[in-house]
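Here's a quick briefing to read with the model open beside you. Have a look at the fold first, then work through the points.

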Amino acid sequence: MLRYLLSRLWQSLILLLLVSMIGFAVLTLAPGGPLSQFTLTPGMTKEALDRIAAQMGLDRPLPIQYLDWLRHMLMGDWGHSYRDNQPVLSIILGHLFATLLLMGTSMVISIVLGTWIGIRGATKRYSIFDYSATIGAMVALSIPTFWFGLIAIYIFSLKLKWLPAGNMYTVGNGSFGDYAIHLIMPSLVLALVNIAVWSRYMRTATLDVINQDFVRTAKAKGLSPRRVLMRHVVGNALLPMITLAGVQLPTVLGGALVAETVFTWPGMGRLFLDSLGYSDYPVVMGLLMFSAIFVLIGNLLADLLVAFVDPRVRLG
C-alpha cells in the first residue's frame with residue numbers, strides 16, 4: 001500500500017509541475033502580458049513600462065522568472081494582486097468556502113440522485129422510467145450549464161418569485177436558512193449535468209454486476225431480489241464510481257465557474273473571471289495552481305480509496 005501511495009504521489013507531483021510550467025508560460029506570453037493593465041494608465045510611457053518591468057523582474061528570461069516564482073510559491077509566497085496588492089493566497093482562501101459549499105452540495109445531490117436513477121434504470125431495464133432517464137440524461141448533457149441557469153432564474157425568480165436570483169446570502173441576514181435558499185438554484189443547476197453522467201455510469205456498472213456469476217448464485221440460493229441488490233450488487237457497482245467521483249472533480253470545478261458567474265456566487269470561479277478580465281495574472285496563476293492541487297488531491301484520495309477497498313488495484 002505504501003509503495004502504491006508513493007507511486008501515485010510522485011505522478012501527481014510531476015503533473016503539478018507540468019501544469020505550473022504550461023500555465024506560467026501561457027500567461028506570461030499572452031498578448032499584452034502581465035504589463036497589460038499598466039498600459040491603460042493615462043500618460044504611461046514606454047520608459048515607465050520598462051521601469052515597472054525591471055522592478056517586477058519581467059525583463060529576465062522566462063525560465064528564470066518561472067524558477068523564481070516557483071521558489072516563492074513553495075515558500076508560501078504566492079505573490080500579490082495587481083488590483084489591491086493583497087496576498088494572492090489570502091484572496092483565494094477568502095473565496096474558498098463559497099466554492100466548496102457550492103461544489104460539495106452539488107456533488108452530494110449528484111451522487112444521491114445519480115446513484116438512485118442508475119440503479120433503478122438497471123433493475124427496470126427498458127421500462128418507461130429507464131427510457132425517460134436516458135432521454136433526460138441526453139438533454140442535460142447537450143445543453144450548456146449557463147442556459148439552465150438563466151432559465152431557472154427566469155422561471156423561479158422572475159416569474160414565480162420562489163427563489164433569489166443570485167448572491168450567496170441576503171445582506172444583513174446571513175442566517176442558515178438564508179444561505180440554504182440562495183444555494184438551491186446554483187447547486188441544482190451545477191448538479192444537473194453530473195446527475196446525468198453519474199446515472200449513466202451507475203446504470204452500466206449495475207448491469208455489469210447483475211450479469212456476474214455470483215449474483216446468479218445468490219438468486220439461486222433463494223435470496224430476495226432486494227437483498228441480492230443491496231448486499232451483492234450495489235456495493236460492487238459503486239466501486240468504479242469512486243474513481244468517477246475523482247475524475248468528475250475538474251468537470252464540477254469548471255461548472256462551478258459558470259454557475260458562480262450566472263448566479264453572482266462569490267467563489268473562486270467568479271474570482272478567476274474577474275481577475276482574468278483585469279489581467280491580474282498573479283491571482284489567475286494562483287487560482288490555476290490551487291485548482292490543480294485540489295483536483296490532484298481529490299483524484300489521489302479516490303485512487304487510494306479504491307486501492308484500499310479493492311486489493312487487485314494496488315497489487316496489479
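Predicted model: local features only at pLDDT ≥ 70, side-chain atom pairs only at ≥ 80, totals over all residues.

Numbering runs from 1 along each chain as its sequence is written, and side-chain values use heavy atoms, with hydrogens and water left out.

- As background, most residues other than glycine have a negative phi, and most peptide bonds are trans.
- Ser279 is not a glycine, yet its phi is positive, at about 60°.
- You'll find Ser279 in the loop between α12 and α13.
- Thr264 also has a positive phi, near 45°, and sits in the loop between α11 (249–262) and α12.
- Thr264 is partly exposed, with a relative accessible area of 29%.

**The overall picture**

- The protein has 14 helices and zero strands (these are DSSP runs numbered from the N terminus: H or I of at least four residues for helices, E of at least two for strands).
- The C-alpha atoms fill a box of roughly 85 × 55 × 35 Å along the principal axes.
- Of the 316 residues, 42% count as buried.
- Take the contacts between residues at least 6 apart in sequence: 72% of them join residues at least 24 apart (contact means heavy atoms within 4.5 Å).

**Nonpolar cores**

- The largest nonpolar core has 23 residues, and Trp69, Trp78, Ile92 and Met289 have the most contacts inside it (such a core is a set of buried Ala, Val, Leu, Ile, Met, Phe, Trp, Tyr and Cys residues joined through side-chain atoms within 4.5 Å).
- At least two residues of this core come from each of α1 (2–29), α3 (62–74), α4 (88–123), α12 (268–277) and α13 (281–309).
- The top contributor is α13, with nine residues.
- Leaving out residues up to four places away in sequence, Met289 touches Leu16, Ser20, Trp69, Met73 and Trp78.
- There's also a second, separate core of 16 residues, which includes Ile119, Ala205, Val228 and Leu244.

- Helix α7 (residues 176–210) packs with α10 at an angle of about 155°, their axes 10 Å apart (axes are lines fitted to C-alpha atoms, for helices over the stretch in contact, and angles run from 0 to 180 degrees between N-to-C directions).
- That makes α7 roughly antiparallel to α10 (angles under 35 degrees count as roughly parallel, over 145 as roughly antiparallel, 65 to 115 as roughly perpendicular and the rest as oblique).
- Trp198, Tyr201, Met202 and Ala205 of α7 meet Pro240, Met241, Leu244 and Ala245 of α10.
- By class, the α7 contact with α10 has eight nonpolar, no polar and no charged residues (Ala, Val, Leu, Ile, Met, Phe, Trp, Tyr, Cys and Pro count as nonpolar, Asp, Glu, Lys and Arg as charged, and the others, Gly among them, as polar).
- Helix α9 (residues 225–237) packs with α10 (residues 239–247) at about 30°, with axes 4 Å apart, so α9 and α10 are roughly parallel.
- Here Gly235, Asn236 and Ala237 of α9 touch Leu239, Pro240 and Met241 of α10.
- The α9 contact with α10 counts four nonpolar, two polar and no charged residues.

Key:
Buried < 20%, exposed > 50% of the residue type's maximum accessible area, 1.4 Å probe, protein only.
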